[in-house]
Amino acid sequence: MTEPVLSVRNLQVEFASRRGTLRAIDDVSFDIAKGEVLGVVGESGAGKSVTGLAVIGLIDPPGRIAGGEIRLAGMRIDNLPPEDMRRVRGKRIGMIFQDPLTSLNPLYKVGDQIVETIRTHLNLSESAARRRAIDLLAEVGIPAPEKRIDGYPHEFSGGMRQRVVIALAICAEPELIIADEPTTALDVSVQAQIISLIKRLGRDHGTAVMLVTHDMGVIAETSDRVAVMYAGRVAEIGPVQDVVKNPLHPYAKGLMGAIPTLAGEDKRLVQIPGSMPRLSAIPRGCSFNPRCAFAFDRCRVERPEPLPRGAQSVACHLYDTMPAESAA
Amino acid sequence: MLAFTLRRAVQAIGVMFAVGIIAFSMFRFAGDPVNQIVSIDTSAAERAIVRKSLGLDDPVPVQFVRYFADAAQFKFGVSYQFRQPVSALLSERMPATLELAICATVFAMVFGILMGVYSALKRDTVLAKLFQAVSLIGISLPTFLIGILLIYLFAVTLGWLPSFGRGEVVKLGWWTTGLLTLSGLKALIMPSITLGLFQMTLIMRLVRAEMLEVLRTDYIRFARARGLTTRAIHFGHALKNTLIPVITVAGLQFGSVIAFSIITETVFQWPGMGLLFVQAVQNVDIPIMAAYLLMVSLIFVTINLVVDILYTVVDPRLRATVGRAT
């Protein structure tokens, strides 16, 4: 098997706060292969975005990567000096943020922002970079790019701005794109366009994509595999059809069950009782146990480790038939 | 854009008209000007002749129109104390004041922005905290005290810099400049610092606050995610976004710098308009006071106009709204 583009092992991210250290990401591991789209899903505060920021090295103090490894095509990047990490950002890892309205600097023409990024990473002349910028704008589906390149961000609609943001993210042909809720701020009709654009770009360039979202619909449409996160941990990870059709973790089950269908209009919307614990008060054992209908004694004392289960991997004691002692 | 500029210009003329009325009414209400000119034992007939020669016996509206027409041509009458045309007195002193104000503003802008950026980027360093402390002193100490302290230190104790005056000046047409001689430059240093210190601390605090605000925005985070160099992010993307409020404040402050250079000019005996004004107040020299009022308002109005136009140069979004609104 070829080396994955991104390999995250036992990642821990901590935030120092006045009331002690909060662990936002605890023991998260996953891989993304070339050309693969990994969806990362979970409630707000589950650590999806922080995971993305940790990969691209943009965790700001008081936050820090406290443990684990991040490898990009085999090269360890979580401990690079800042200047080397800067060269990785934008060149080898592109990032797309949630709100296209605020992602672009309002005072610069979009073309200048693209040219600036291209020339930071690639050794191109001003005019060659400009030609490339026009090509990129055309590729992300902006009509009349040779005219629009001299427009300011406020002259673009939200969807068009997100296309510009995507053009910026891919302008140096990165191996990995991290898309942090790329469609959340957009109209539903535009969402589908942006999603298919990201999907097409990933396929055409063989780029690995980490798609962070809380929209299961988006995941089902786009991703090859999906990771379900809960309270800073990966609850379940596996191929998207398996996880959607046959979720194993009680939380994943709840999440899939909570997707409203168009058919059953009389039913009340399904919800998972309770809410995700705050980082300062994560329960002992399995962090989901207070909300879990299947929780038993072991869940309240021992933290479940990820167990392979077919193509899926699940962190739940329900699937651990062997006692804890002999499993070690 | 042109329509926007024109509309602002018309507004400016309106403001100047209002100021003109106030300046004119000073003549009517600040005592009888004839009494200021003649001596006590002048006969009533002679007084009447003086009154007539100054046009003070015409009806008020006529006098007003005449005053306005003259003022528009920069004729402000004759100073009571110097017996010279006010415009000549003012234009003789204006270069000194403008030169001082410009030097003070340049000093304030350069150091204010540098210190502001530094203390925003290296928030926790000793130097940044020192800047904060110094800026507090700069904001709270009155100008005259700073001037006197500087004179005491650099002129009296160390003897490096002259304590008063403009030094040698060079005449360039009607303009006189102290920038071309060593003694002129030396004489500029302390008054510029004294006059500019308050603006400098203001700009520094403003730049720092704005910069911290901008560095938290999404587009700065995105710029970092694009792998731009720290230099490009801080000085290309962040600093430009902090400039709008800085332009506003620096622009409006430039007006105050000129208007309130009175104190600095008095402390340093700087031969500028401010000193002339102080002398005029002492001698109830109304033509000079009125002319000074008009000059200062003209400067304020012009600066406001320039600042409005500068906004649209920095911020393309305003260009769009301005274009649409007109």
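This briefing walks through chain B, from its two domains to the side that touches chain A. Please keep in mind that the model is predicted. Chain B is divided into domain 1, residues 13-72, and domain 2, residues 86-325. It also meets chain A, with 21 residues of chain B in contact with 23 residues of chain A.

**The annotated region**
- An unreviewed UniProt entry annotates residues 94-311 of chain B as "domain: ABC transmembrane type-1".
- Over residues 94-311, chain B is 79% helix and 3% strand.
- The end C-alpha atoms of that stretch are 28 Å apart.

**How the two domains of chain B meet**
- The C-alpha centres of domain 1 and domain 2 of chain B lie 36 Å apart.
- Their contact draws 13 residues from domain 1 of chain B and nine residues from domain 2 of chain B.
- On the domain 1 side, helix 1 (2-29) and helix 2 (33-37) of chain B are the elements that give two or more residues.
- Helix 1 of chain B gives the most to that side, with eight residues.
- By class, the domain 1 side has 10 nonpolar and three polar residues, and no charged residues.

**Where chain B touches chain A**
- Helix 9 (218-225), helix 10 (230-259) and helix 14 (316-325) of chain B each supply at least two residues to the side that touches chain A.
- Helix 9 of chain B provides the largest share of that side, seven residues.
- Sorted by class, the side of chain B that touches chain A has nine nonpolar, five polar and seven charged residues.

Definitions and conventions
Residues numbered from 1 in each chain as written. Chains lettered and ligands numbered in written order. Predicted model: local features only at pLDDT ≥ 70, side-chain atom pairs only at ≥ 80, totals over all residues. UniProt positions renumbered as here; feature names shortened; annotations may be inferred. Helix = DSSP H or I, 4+ residues; strand = E, 2+ residues; numbered from the N terminus. Contact = placed C-beta atoms within 7 Å. Nonpolar A, V, L, I, M, F, W, Y, C, P; charged D, E, K, R; others polar. Domains from an automatic or database assignment.
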